[in-house]
Amino acid sequence: MRSNHFLKGLRTRSFGHSALFLKKTESTNDVALQLARDGAPEGTLVNAESQTKGRGRMGRSWATTPGKSLAFSILLWPRLRNEELPEITLAAAVAVARTLEGHRLKPRIKWPNDILLDGKKVCGILTETGPKKDKMVPVVLGVGINLNQAGADFPKEIRGTATSFYRSSGRKVDRRIFLQKLLFQLEETYHWVVERRFPKVLGEWRKRSSTLGHQVKVVQPHRSFYGQAVDIDEKGALLVRNDIGQVERVTSGDVEALKIHFPPGNGKAK
Ligand code: BTN
């Protein structure tokens with residue numbers, strides 16, 4: 001994709017107006033963080049066909065299929081407090097879901113920001129911050145989304161848990177147009193956050209949640225526990241009622257929705 005070709009048909013105010021399309025890089029998040037050091041403007045897009053060190057949440061890696069998926073990062077300079085930054089990630093999950101819905105799909109959001117189709121992951125989001133510049137903290141919003149891959153395109157280890165737009169719908173999608181639509185949605189939901197309209201994000205997130213109301217296993221680096229996911233709070237933390245009725249606020253880690261019942265006992269996972 002060339003930048004001038006990409007701008008045609010783009011309906012955003014700033015997202016993607018400055019753009020870098022790379023064939024191969026280690027991680028688009030790193031490139032965007034470097035551009036932040038150089039003072040690149042808000043909305044700068046870094047897109048790559050392939051990443052040699054694509055990063056996921058919780059130290060995981062992220063695989064991109066050249067020509068069939070999208071891996072990109074957007075540089076943001078939000079006027080927000082540190083504790084408000086997770087709001088951007090939840091807003092981005094809503095934006096991805098809305099874009100897929102625009103293509104007649106029915107995505108769900110698994111807390112905090114995995115997008116699922118048919119219960120399998122189609123998109124992951126990784127938000128990172130860089131060092132302050134002129135008193136502002138840059139935020140890089142990294143999005144990896146599976147579009148036109150067939151099952152065989154996925155590494156064996158994730159074939160059972162990952163999906164793509166194509167795998168789920170039987171339809172191929174134009175990646176350039178999809179990216180333009182996604183940037184439009186990402187910009188809109190990002191503005192809800194910076195304009196202090198996060199309750200709107202929460203409402204949209206809750207409607208699409210695959211997590212709320214379910215028995216879940218919460219897996220964190222130092223512990224795991226079972227409970228019932230009851231809500232997300234006004235900061236985007238997951239509220240999980242454990243087996244002794246206490247509601248725990250979960251701000252990091254992963255959740256797995258369980259098909260089994262909440263186990264009796266102390267609620268601690270093995
Ligand atoms: C996750 O689900 O764990 C998050 C995956 C995020 C992957 C994207 S791809 C573009 C950007 N660059 C990276 O290295 N990671 C993000």
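Student: Is Thr-28 buried or exposed?
Tutor: Thr-28 is buried: its relative accessible area is 3%, and the cut-off for buried is under 20%. Keep in mind that this is a predicted model.

Student: Where does Thr-28 sit?
Tutor: Thr-28 belongs to helix α2, which covers residues 28-37.

Student: And what does Thr-28 touch, leaving out residues up to four places away in sequence?
Tutor: The contacts are Val-46, Asn-47, Ala-48, Gln-51, Ala-71, Phe-72 and Ser-73.

Student: Now the whole protein. How many helices and strands?
Tutor: There are 6 helices and 12 strands.

Student: What radius of gyration does the protein have, against that of a compact globule?
Tutor: The protein has 18 Å, and a compact globule of 270 residues would be near 18 Å, so the two agree. The C-alpha trace spans about 60 × 45 × 30 Å along the principal axes.

Student: What share of the residues is buried?
Tutor: Buried residues are 53% of the 270. The accessible surface comes to about 13,100 Å², with 50% of that belonging to carbon and sulfur atoms.

Student: Of the contacts with a separation of 6 or more, what share joins residues 24 or more positions apart?
Tutor: That share is 64%.

Student: Charges next. How many positive and negative ones?
Tutor: The protein has 46 positive and 27 negative charges, and their mean positions are 5 Å apart.

Student: How many salt bridges?
Tutor: The count is 20. One of them pairs Glu-26 with Lys-53, at 3.7 Å from N to O.

Student: Which parts does that pair tie together?
Tutor: Glu-26 is in the loop between β1 (19-25) and α2, and Lys-53 is in the loop between β2 (45-51) and β3 (69-76), so the bridge ties together parts 27 residues apart in sequence.

Student: How accessible are Glu-26 and Lys-53?
Tutor: Glu-26 is partly exposed at 42% relative accessibility. Lys-53 has a relative accessible area of 52% and is exposed, because the exposed class takes values over 50%.

Student: What about Arg-249, which residue does it bridge to?
Tutor: Arg-249 forms a salt bridge with Asp-233, and their closest N and O atoms are 2.5 Å apart. This pair links distant parts of the chain, 16 residues apart: Arg-249 is in strand β11 (residues 247-250), and Asp-233 is in the loop between β9 (224-232) and β10 (238-241).

Student: Are those two ends buried or partly exposed?
Tutor: One of each. Arg-249 counts as partly exposed at 47% relative accessibility, whereas Asp-233 counts as buried at 9%.

Student: Are Arg-208 and Glu-204 buried or exposed?
Tutor: Arg-208 is buried at 9% relative accessibility. Glu-204 is buried too, at 10%.

Student: Which residues of helix α6 are buried?
Tutor: In α6 (residues 198-207) the buried residues are Phe-198, Val-201, Leu-202, Glu-204 and Trp-205.

Student: Why might buried positions in a helix be spaced like that?
Tutor: As a general point, an α-helix has 3.6 residues a turn, so residues three or four places apart point the same way.

Student: What do the buried residues of α6 pack against?
Tutor: They pack against α3 (86-101), β4 (108-110), α5 (175-194) and β9.

Notes:
Residues numbered from 1 in each chain as written. Predicted model: local features only at pLDDT ≥ 70, side-chain atom pairs only at ≥ 80, totals over all residues. Heavy atoms only, no water. Helix = DSSP H or I, 4+ residues; strand = E, 2+ residues; numbered from the N terminus. Rg over C-alpha atoms; globule rule 2.2 N^0.38 Å. Buried < 20%, exposed > 50% of the residue type's maximum accessible area, 1.4 Å probe, protein only. Contact = heavy atoms within 4.5 Å. Areas by Shrake-Rupley, 256 points an atom, 1.4 Å probe, with all protein chains shown as cover. Lys, Arg positive; Asp, Glu negative; His and termini not counted. Charge placed at Lys NZ, Arg CZ, Asp CG, Glu CD. Salt bridge = Lys/Arg side-chain N within 4 Å of Asp/Glu carboxyl O.
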